[in-house]
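Let's take a walk through this structure, one piece at a time. Keep the viewer open and follow along.

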Amino acid sequence: MIAAALLVLAAACAFPRQSPAPLELDPRTLPHAQTGAWKDFDPKQLKASDLPPGMLQVKRALEEQDFPSALAGLQETLRQSPDFPPAWHQLGVLYFRLQRYGDGAACLERYLEVAPQRLGDTRVLAHCYYSLGDYTKARAHYERVLAVHPDEVEALRGHALSRMRLGEPQEALAELERVLAIAPRHGDVWEWKAQILFDEEHSEEALAAAEKARSIDPFSPRAWFLCGRICADLGRDEEAARANRRFQELNSISSELRQIESDLLYKPGAVALLERIAQLHARMGDVASTRADLARLFGSAPSALGPRIFGLELLADLGDFEAARLVAQKLEQLGADDAATWQRLEQFYARAKDRAKQVEAGERYRRLGGK
């Protein structure tokens with residue numbers, strides 16, 4: 001992919017944060033290069049010295065998940081180096097992530113205009129058409145991508161769902177089976193398989209698919225919803241009621257998670273938002289996601305004590321003492337001279353039933369002036 005090649009080649013450098021003003025720009029107004037200027041473009045031949053300076057800045061912004069700054073950097077690159085193909089590609093992908101599907105489609109269409117030989121890179125263009133509700137156009141573009149990359153999982157999945165939307169459920173099912181042959185643990189595909197089977201009145205098969213989806217991702221609200229709905233159709237009322245209760249719980253949390261993730265697109269590194277995401281995943285009981293959230297939180301404030309104390313206590317509440325001990329070790333380094341930190345460590349080690357470390361932390365706390 002162009003984006004991957006770019007990130008490997010570019011070197012990190014500072015890039016100032018921008019306001020959301022870049023969202024006001026219509027990417028269609030960016031300047032054009034001379035016709036055919038990029039007709040021989042090949043990312044494999046791209047060297048670091050070939051990159052416009054703005055692309056080096058974009059890399060840093062993307063690493064920091066500072067999407068407004070990345071957007072501004074890509075737009076400026078395209079002003080300075082009109083139609084530079086990697087910039088158009090990355091800009092289209094970024095607009096898609098920001099749910100600006102029309103702008104994303106415009107950027108990727110422009111990318112194909114200047115580098116038509118790179119058709120295989122443009123799966124996200126079909127995703128944009130699908131997200132805009134133009135299923136006919138999405139299907140056609142997925143087919144163009146699949147002609148180049150016939151086993152690309154997400155293109156196959158998108159093509160199958162486009163066919164489903166266009167009233168071809170059996171063909172969609174067959175294509176989803178092809179996806180599962182390549183990626184058997186693709187939970188979202190199992191969910192769509194269950195949905196289509198249920199809509200086609202194959203409830204027993206639908207339930208098996210929904211239960212498979214739930215086993216792959218036990219924190220997916222949709223998997224629980226499908227299980228509840230199908231169980232009710234089969235007269236399995238107690239199972240339906242249990243599934244519906246879990247669905248309601250997960251759906252409420254997931255709604256808040258989606259809103260916070262949306263906010264983070266425009267407020268990268270906001271500590272309060274990152275802490276809230278970790279809390280919500282912990283409420284679900286999702287240990288792996290909670291750990292990932294805390295890694296993201298600590299990365300946003302690497303020297304701050306508060307976020308790590310928050311993470312320490314959240315992991316302990318979750319019963320994940322393995323990960324919590326790693327946080328405690330880092331806190332011992334960062335808060336070596338902070339009495340309040342050692343007090344919290346003393347409390348943590350008591351919870352972890354580590355008597356030796358509890359005594360050590362308590363002694364350190366008192367030497368630093370604690371009572």
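Before anything else, a word on how the pieces get their names: helices are DSSP runs of H or I with at least four residues, strands are runs of E with at least two, and both are numbered from the N terminus. Keep in mind, too, that what you have here is a predicted model.

With that naming in hand, the overall picture goes like this. The protein chain has 19 helices and zero strands. Its C-alpha trace spans about 75 × 65 × 35 Å along the principal axes. Of its 371 residues, 49% count as buried.

Lys353 is found in the loop between helix H18 (339-351) and helix H19 (355-367). Its phi is positive, about 60°, although Lys353 is not a glycine. With a relative accessible area of 75%, Lys353 is exposed, because the cut-off for that word is over 50%. Gln99 counts as exposed, at 53% relative accessibility.

Two other loop residues are worth a stop. Ala270 lies in the loop between helix H13 (237-266) and helix H14 (271-284) and counts as partly exposed at 22%. Glu200 is in the loop between helix H10 (187-199) and helix H11 (203-216), and with a relative accessible area of 32% Glu200 is partly exposed as well. Together with Asp199, Glu201 and Asp233, Glu200 forms a negative surface patch.

Next, the charge pairs. Side chains of opposite charge can pair when their charged atoms come close. How many salt bridges are there in this model? The count comes to 31.

One of them joins the side chains of Glu154 and Arg157, at 3.9 Å from N to O. The two are three residues apart in helix H8, so about one helical turn separates them. Glu154 counts as partly exposed at 25%, while Arg157 is buried at 19%.

Arg291 pairs with Asp320, with the closest N and O atoms 2.7 Å apart. Arg291 lies in helix H15 (residues 287-300) and Asp320 in the loop between helix H16 (305-318) and helix H17 (321-334), so this pair ties together parts that are 29 residues apart in sequence. Here Arg291 is partly exposed at 36%, whereas Asp320 is buried at 7%.

Then there is Lys357, which forms a salt bridge with Glu332, the closest N and O atoms being 3.0 Å apart. Since Lys357 lies in helix H19 and Glu332 in helix H17, the pair links parts that are 25 residues apart in sequence. Lys357 is partly exposed at 22%, and Glu332 is buried at 17%. Salt bridges with shared partners also join Arg139, Glu143, Arg163, Glu168 and Glu175 into one network.

Let's end on a member of that network. Arg163 is placed in helix H8 (residues 153-165) and counts as buried, at 18% relative accessibility. A polar contact of 2.8 Å joins its side chain to that of Glu168.

Conventions. Residues numbered from 1 in each chain as written. Predicted model: local features only at pLDDT ≥ 70, side-chain atom pairs only at ≥ 80, totals over all residues. Heavy atoms only, no water. Patch = residues over 30% accessible without salt bridge, like charges linked within 9 Å, V, L, I, M, F, W, Y side chains within 5 Å. Areas by Shrake-Rupley, 256 points an atom, 1.4 Å probe, with all protein chains shown as cover. Salt bridge = Lys/Arg side-chain N within 4 Å of Asp/Glu carboxyl O. Lys, Arg positive; Asp, Glu negative; His and termini not counted. Charge placed at Lys NZ, Arg CZ, Asp CG, Glu CD. Buried < 20%, exposed > 50% of the residue type's maximum accessible area, 1.4 Å probe, protein only. Polar contact = N/O pair within 3.5 Å; in protein donor to acceptor, adjacent residues only side chain to side chain.
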